[in-house]
Amino acid sequence: MNKKTAWMLSALAAVVLAGCATGPSVSELNDLARQVAKASFRDEGIVKADKVLNTDETNRLCSEADVAGKPLDEATAKRVEEMNFKTIQWPADGKFLGDWKLGEAIAQSGRGLTFTDSANVVSGGNCYNCHQISKEEISFGTIGPSLYNYGKIRGVSNPDSPESKAIVEYTWGKIWNSKAYNACSNMPRAGHMGILTAEQVRHVVALLLDPKSPVNR
Amino acid sequence: MKRSHLPLWAAALMLACAPALAQKTASQGIDEYRAMLQDGNPSELFEAKGEGLWKQKRGPKNASLEKCDLGKGPGVVKGAFVELPRFFSDTGRVQDLESRLLTCMETLQGFSAAEIAKTGFGKGEQSNVTALATWIAAESKDMRFNLPQSHSQEKVFYEVGKRLFFQRGGPHDFSCASCHGEDGKRIRLQDLPNLTKNPGDGIGFAAWPAYRVSNGQMWGMQQRLNDCYRQQRFPYPGFGSDATIALGVYLGVNSKGSASIAPAIKR
């Protein structure tokens, strides 16, 4: 038995003993889960255990809400959304739309950032894993809503027009940091967490909003 | 196949006009593919190997595993799988099947449990652990999960496992629940069981160890969890680590009453 495990087991024994009469409290169990995770996971490849396990406040609050089985209270949700909204980096040159064809390739790719990937793998957006997007791709997931006709449904016929501005910005913001609009969204924060570059986000926005994209035809 | 006599134009029309129907067909196709494979599940080969290993005198102590206590007394195999993970008083730990096998291989046969835990999946003694787990699981086929929750550590492990299940993190903010927290969801065309409750007979926890057709490998629950964490962009969970065992308790207790179909066959 290594030192780490021995230490963890003594912590566990302490919690079990302390909880003999009534069972351990919620905060004791939360602490114990953290200790168990710390002792169980190790760095591998490009993935650093500390970084993943010491995640940010957004994830911590949402995980606790998930365990409790009830959503964040309204005030906390709003605070988390505002906190995340502030992280959104808007396109420096004001160009929100790139090439939808490149966006389609990014949406198809689920590659990158696992402990078996090398650091130079270009990460994909994982979009089709959870969303229907173009009608041609029938292998899509259903964890997120269908994005087929995304721009059309929202009345975007010219993404450069002033009427389209709000939707264009929302789409960029949602991809950059989904939690800015829904505190505990299942969707990754692609820009904020460095999964996609600004250039890649631009292409995915085009896939959703370009009238020539198969999404809107 | 007789069903394929549908005129080509009709098939093309179905694909073009009804994507929902096309998906259903693809999904049904996969089910049929699995059903065909059930006639000859290659896990039988691993079962046979595992049974042989259980009875064979091996290791520095040249002993078999026939006195190994999997929770129902020394040497009792039938029914053991559907009650694991559980607390073992000799080690003072909650253990799953695979970590318990390491204990027996160390105490009875003289292997180093730590060495085996460090060995990569499918290599050396690890492949033997998988074969043993496959046979032991098969001995409880069609029996219903009934993990004990009477020991305080078993209860604590359930609660810890639940917290790990919902723990978001990594670049994608994924937790186990991101994919396995709701009914009727899919990743691409792959159906995802909701593991926050009982997903039913032979689903989720009740399907592993399983033979994976896509890579021709036999996987135990430890490897299944390891690959979930890999795809979640999480760090590497140690083999037989408490996190993996606590998750096993959470999943296994949630599956109470469901029948085990392990060793199953997967895409």
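In which order do the strands of the open sheet in chain B lie? The order is β6-β5-β8, and the pairing of the three strands is mixed. Strands here are DSSP runs of E with at least two residues, helices are runs of H or I with at least four residues, and both are numbered from the N terminus. Two strands pair if DSSP finds at least two bridges between them. The edge strands of chain B are β6 (217-219) and β8 (264-266), each of which pairs on one side only. From one strand to the next, the twist averages 30 degrees. Such angles run from 0 to 180 degrees between N-to-C directions, with axes taken as lines fitted to C-alpha atoms.

Strand β5 of chain B covers residues 210-212. Three bridges join β5(B) to β8(B), and these strands run parallel. Tyr211(B) has Ile265(B) as its bridge partner in β8(B).

The model is predicted: local features need pLDDT of at least 70, side-chain atom pairs count only at pLDDT 80 or more, and totals for chains, interfaces and linings use all residues. Residues are numbered from 1 along each chain as its sequence is written, while chains are lettered from A and ligands numbered from 1 in the order in which they are written.

Chain A has 10 helices and one strand. Along the sequence, its pattern is α-α-β-α-α-α-α-α-α-α-α. The C-alpha trace of chain A spans about 65 × 40 × 35 Å along its principal axes. Chain A has 217 residues, of which 42% are buried (20 or more other C-beta atoms within 10 Å of the residue's own, with C-beta atoms placed from the backbone). Contacts join residues whose C-beta atoms, placed from the backbone, lie within 7 Å. Of the contacts in chain A with a separation of 6 or more, 56% are between residues 24 or more positions apart.

Terms used: Buried ≥ 20, exposed ≤ 12 C-beta atoms within 10 Å, placed from the backbone. Contact = placed C-beta atoms within 7 Å.
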